[in-house]
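Subject: Structure for your files, with notes

Dear colleague,

Please find the structure below. My notes on a few side chains come after it.

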Amino acid sequence: MGDRIRLPPPCLNFNHQVDERLVEPERVPEELTNDRLGMVFTTTDLTGPDLISQPLGVEHLFVNLDHFLPQANQTAVSFKDLAGLSFVVLDDIGVWKDVIGKEIEDAHFMYQDERDAMDEITRYSSFPYFTTNVTAADPSYHPVPANNRVERSIKGPKAELTIYVTVKRQRQNQVQPLVDRLKAAWAKLPTTPTTGETNVLK
């Protein structure tokens with residue numbers, strides 16, 4: 001549920017298996033209560049009789065723009081500022097796909113199923129693309145050369161998502177040390193674009 005979250009390097013030293021598939025929101029309680037998954041990253045608080053959700057941190061959406069676009073001269077842009085542009089986007093980005101589709105009017109999204117194709121397009125074209133503060137900490141991504149891009153924050157509440165760690169109540173004590181480590185690592189993530197870097201949202 002939500003964006004695909006990749007953990008920063010300090011969080012990977014634990015004896016757990018990471019399942020990167022996106023889970024439909026309505027299936028999260030069943031996946032956890034049946035112990036098919038030990039914890040799930042969600043974009044809503046699912047706390048109830050059987051589940052506990054804890055806020056992990058806020059994911060901030062950024063856009064990478066060609067230097068020659070007028071919007072690139074702004075320190076931050078709104079979704080309205082991006083209306084009518086064409087973007088290249090990885091298909092499997094969870095909730096962000098709905099956000100950009102609803103908030104950016106008259107935009108054209110060229111969704112890519114493969115990361116390699118995404119890398120090629122962003123490397124050899126001037127199409128804008130999206131990143132987040134979480135992407136910058138992904139140990140598995142390969143940075144795309146700057147290629148005359150500038151990374152800008154997107155203004156407004158819809159450009160931020162609170163990410164929760166949701167677990168089965170009976171497992172809370174078991175997983176809490178890992179949750180605490182995840183929170184500590186998230187607290188070190190940037191909240192604004194990182195100067196000179198471009199990271200494809202994934």
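Predicted model: local features only at pLDDT ≥ 70, side-chain atom pairs only at ≥ 80, totals over all residues.

Aromatic pairs

There are three aromatic pairs in the structure. In one of them, Phe87 and Phe109 have ring centres 5.7 Å apart and planes at 25°; planes under 30 degrees apart count as stacked, so this pair is stacked. It joins distant parts of the chain, since Phe87 sits in strand S4 (residues 86-90) and Phe109 in strand S5 (residues 108-112), 22 residues apart. Phe87 has a relative accessibility of 0% and counts as buried. Phe109 is buried as well, at a relative accessible area of 16%.

Phe87 also pairs with Phe130. Here the centres are 4.8 Å apart and the angle between the planes is 20°, again a stacked pair. Phe130 has a relative accessible area of 2%, so with the limit for buried at under 20% it is buried.

Taken together, ring pairs connect Phe87, Phe109, Tyr111 and Phe130 into a cluster.

Around Phe109 and Tyr111

Apart from neighbours within four places in sequence, Phe109 is in contact with Phe87, Val89, Ile100, Gly101, Ile104 and Phe130. Both of the phenylalanines in that list, Phe87 and Phe130, belong to the ring cluster. Leu90 is 19 residues from Phe109 in sequence, and the C-alpha to C-alpha distance between them is 9.6 Å.

Tyr111, another member of the cluster, has a charge over its ring: Lys97 lies over the face of Tyr111, at 4.6 Å from the ring centre.

Gln54

Which strand holds Gln54? Gln54 is placed in strand S2 (residues 51-66). Is this residue buried or exposed? Gln54 has a relative accessible area of 12%, and because buried means under 20%, Gln54 is buried. The Gln54 side chain makes a polar contact of 2.8 Å with the side chain of Lys183.

Regards

Technical notes:
Residues numbered from 1 in each chain as written. Heavy atoms only, no water. Phe/Tyr/Trp six-rings, centres within 6.5 Å; stacked < 30°, edge-to-face > 60°. Helix = DSSP H or I, 4+ residues; strand = E, 2+ residues; numbered from the N terminus. Buried < 20%, exposed > 50% of the residue type's maximum accessible area, 1.4 Å probe, protein only. Lys NZ or Arg CZ within 6 Å of the ring centre and 35° of its normal. Polar contact = N/O pair within 3.5 Å; in protein donor to acceptor, adjacent residues only side chain to side chain. Contact = heavy atoms within 4.5 Å.
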